[in-house]
Amino acid sequence: MAHAPRVYGSDGEANSGPKPGRDYRELVGGPLDGQLLDVTGWSEDMLTTGAYLITPLSAYGAGGRASYEPAPGAPDGSFLWEGEVP
């Protein structure tokens with residue numbers, strides 16, 4: 001049985017998969033690879049800028065951040081890992 005991808009930030013929730021009516025971007029590469037980022041309600045500027053996401057698996061330890069940016073030429077596509085920041 002295949003499992004739905006886990007949504008970023010849903011640690012500990014019984015149903016950590018995507019919810020109907022929400023907008024998600026897949027995170028590709030880095031410590032959050034394969035998770036979905038809920039971007040429901042994000043502005044166009046936020047969607048084109050990307051995000052710094054807290055990760056316990058950062059090179060900077062717990063609380064470090066992973067930088068993800070939209071895939072070039074794919075405004076509704078995945079967010080690609082750029083690297084880690086403190």
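This is a predicted model: local features need pLDDT of at least 70, side-chain atom pairs count only at pLDDT 80 or more; totals for chains, interfaces and linings use all residues.

Student: Why does the radius of gyration agree with that of a compact globule?

Tutor: The globule rule is 2.2 Å times the number of residues to the power 0.38. For 86 residues a compact globule would have a value near 12 Å, and the protein has 13 Å, which agrees. Along the principal axes, the C-alpha atoms fill a box of roughly 35 × 30 × 20 Å.

Student: What makes a set of residues the largest nonpolar core here?

Tutor: Members must be buried, that is, under 20% relative accessible area, and joined through side-chain atoms within 4.5 Å. The largest such core has 10 residues in all, including Leu27, Val39, Ala66, Tyr68 and Phe79. Strand 3 (51-55) and strand 4 (64-70) each give two or more residues to this core. Over the protein, 29% of the 86 residues count as buried.

Student: Which residues is Ala66 in contact with, leaving aside its neighbours within four places in sequence?

Tutor: Contact requires heavy atoms within 4.5 Å. Among the residues in contact with Ala66 are Pro31, Ala51, Leu53, Trp81 and Glu84.

Student: How many side chains are positive and how many negative?

Tutor: Lys and Arg count as positive, Asp and Glu as negative. On that basis there are 5 positive and 12 negative side chains, and the centres of the two sets lie 8 Å apart.

Methods:
Residues are numbered from 1 along each chain as its sequence is written. Side-chain values use heavy atoms; hydrogens and water are left out. Buried means under 20% relative accessible area, exposed over 50%, partly exposed in between (1.4 Å probe, protein chains only). The place of a charge is taken as NZ of Lys, CZ of Arg, CG of Asp or CD of Glu. Helices (H or I, at least four residues) and strands (E, at least two) are DSSP runs, numbered from the N terminus.
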